Amino acid sequence: MTRWRRTHTCGELGLDAVGSKVTLMGWVDVVRDLGGITFIELRDREGVTQLLIGEQASPEVIEVAKRASSEWVVAVQGEVLRRTEATVNPNVATGAIEVRADALQVLSEAKTPPFAIEDDLKTNEDLRLRYRYLDLRRGVMRRNLERRSKLAVGGRNFLAEQGFHEIETPYLTKSTPEGARDYLVPSRVHKGSFYALPQSPQIFKQLLMIAGMERYFQIVRCFRDEDIRADRQPEFTQIDIEMSFVEPDDVYELVEGLFVSMLSAIGVELETPFLRLSYREAIDRFGSDKPDLRFGCEITDVSELMLGSGYGIFESTVESGGVVRAIIATGCAKYSRKDVDDLEAAAKELGARGLGWARWSEEELKSPLVRHLGEDRLKEAFKACGGGVGDVLLIVAGERPLVADVLGGLRVQLAKREGWIQEGQWKFLWVTEFPLFEYHEGDGRWYSMHHPFTAPHPEDFGALESDPGTVRALAYDVVANGYELGGGSIRIHNSDVQQQVFRALGISDEEAHEKFGFFLEALQYGTPPHGGIALGFDRIAMLAAGGTSLRDVIAFPKTTSAFDLMTGSPSEVAKDQLDELGIGIKKT
């Protein structure tokens, strides 16, 4: 490399630098050869500076400028000049100046990239992932990772100020029977035995509380061998937090301060405290335990209004323990019959048997339900839901969970279709009092809704064995814009209670001892009441970037099939490596 040393970046020179000698280094963004004069846009991570190679330049400089092509890495020395008023570029920070290239060196030539290095890129995502190191040169990707870095620094600094210690926990640990599938790591020394990559540092952070650390955090990589979605990756990053001697309110207050600190680092201001809704209320009002509060369209129960209507479908649903609920599509009375049919098709796709509807325009109220319910009852339903003239009423009848899913899904689809969501807005809330267990009909057993170390609500403790489905958890999720950004709980700190929960989950004492014996023993050595939360850092960064895919805020992500197109992993390994590990491959 040249002995030159860079004096400035390509994004910082302004009029105050006019007349000074500078050395810049970066990538050739654009070359414009105008015959007797050549312009080069030189780019680095901070911005772009225009280089001027005029007729007065040396033959060596002109020769390099003529040869240079997109993505070559070059170094330039020259004088900063003021641009004429007619040539000022107001769209870039350095648009008032240019650098006369008195000397120009090629540091590295480049092949023609497989796609243009530009923000508004229209190309297949697989191609971007195959050449991720080129994709990351694009300004939008660079800004995403820059924003992610600022979020991490803001969070780390806040937690350090609050007295937390950053402590690393093991990546090679023990496989557990709960949750998603583990990634297993074979042991060469102990053939036939395996480590597991951690799905979460859950047990270790609780052990740190038993150890008296009191306030722990870690920005940690976790691993889950599960199906991939746009907001999920096989390896992901979370901000892991645990505290001793706390109640849920203490966790809420800390996490709200953490989000204020992180988002202020990227210029976003938040209002605190966040709204709190119980799990039951969130489901009833929004049809989701991670509701998007950036728009209204709340679900309203109209079951009582339908009793005595004479409409058999609605009445029989309510009498058999079901519900009749509705939402208002504000301002949608203009919908055509096809628009309504599309909504009905969407409702059926979400699981509904049908969708009741009514349009109330200035002229009249139209609905197939008029002959069953009458106009007056339908207008009452409109008003009960907060609607009126100009709106559409959408009604679903059935079992409570199904109705919640359908109307919750429809409200989100309507918001996107009608543009009800204001971009750049953040709406946070806490969802609390989750059920401790959820029942799976397929294998006829209870599972933890969060994880098996979550403490039962003290008011429900008596039903732990007799009626586990009614037991609430001291668990909470923090939600923003329809995404769960983190989940946590107050933990069990009593060994006997932990054993009871294991039994409710169908984990025998023998299996509990085999899998968690060390932890159950640790609980017997003076465990403080404690609780915490794990925040999905990738999702936070995704929302901060205004994106909808985690792949846009992770430097080197996997595809939806958990494949790395750039490195070609996972891949086969040599037979001698497998032999050393004592592993044979079974072909299926």
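Which residues in α4 meet which residues in α6?

1. The model under review is predicted. In it, Leu151, Gly154, Gly155, Phe158 and Leu159 of α4 meet Leu254, Gly257, Leu258, Ser261, Met262 and Leu263 of α6. By residue class, this contact of α4 with α6 comprises 7 nonpolar and 4 polar residues, and no charged ones.

2. The geometry of this helix pair may be stated as follows. Two packed helices are described by the angle between their axes and the distance between the axes. For helix α4 (residues 139–161) and helix α6 (residues 248–264), the angle is about 140° and the axes are 8 Å apart. Angles over 145 degrees would count as roughly antiparallel; α4 and α6 are therefore oblique to each other. The crossing in which α4 passes α6 is right-handed.

3. The sheet deserves a separate point. A barrel is closed by 5 strands, in the order β1-β2-β3-β5-β4, with mixed pairing. On average, and with direction ignored, neighbouring strands of this sheet are turned by 55° against each other. Within the barrel order, β5 stands between β3 and β4. Strand β4 (residues 73–82) and strand β5 (residues 97–108) run antiparallel and are joined by 10 bridges. As for individual positions, Gly78 is found opposite Ala101 in β5.

4. Helix α1 (residues 59–67) packs on this sheet. The strands that α1 touches are β1 (21–33), β2 (38–44), β3 (47–53) and β5. The direction of α1 makes about 75° with that of β5.

5. Most residues other than glycine have a negative phi, and most peptide bonds are trans. Another cis bond, with omega about 5°, links Ser569 and Pro570. The loop between α15 (537–544) and α16 (575–581) contains Pro570.

6. Glu214, although not a glycine, has a positive phi of about 65°. Glu214 is placed in the loop between α5 (202–210) and β9 (215–223). With a relative accessible area of 41%, Glu214 is partly exposed.

7. Ala562, likewise a residue other than glycine, has a positive phi near 60°. Ala562 is located in the loop between α15 and α16, where Pro570 also lies. The relative accessible area of Ala562 is 21%. Buried would require a value under 20%, so Ala562 is partly exposed.

Definitions and conventions. Residues numbered from 1 in each chain as written. Predicted model: local features only at pLDDT ≥ 70, side-chain atom pairs only at ≥ 80, totals over all residues. Heavy atoms only, no water. Axes fitted to C-alpha atoms, helices over the stretch in contact; angles between N-to-C directions. Helix = DSSP H or I, 4+ residues; strand = E, 2+ residues; numbered from the N terminus. Parallel < 35°, antiparallel > 145°, perpendicular 65-115°, else oblique. Left-handed = near helix turned anticlockwise from the far one by under 90°. Contact = heavy atoms within 4.5 Å. Nonpolar A, V, L, I, M, F, W, Y, C, P; charged D, E, K, R; others polar. Pairing = 2+ DSSP bridges. Buried < 20%, exposed > 50% of the residue type's maximum accessible area, 1.4 Å probe, protein only.
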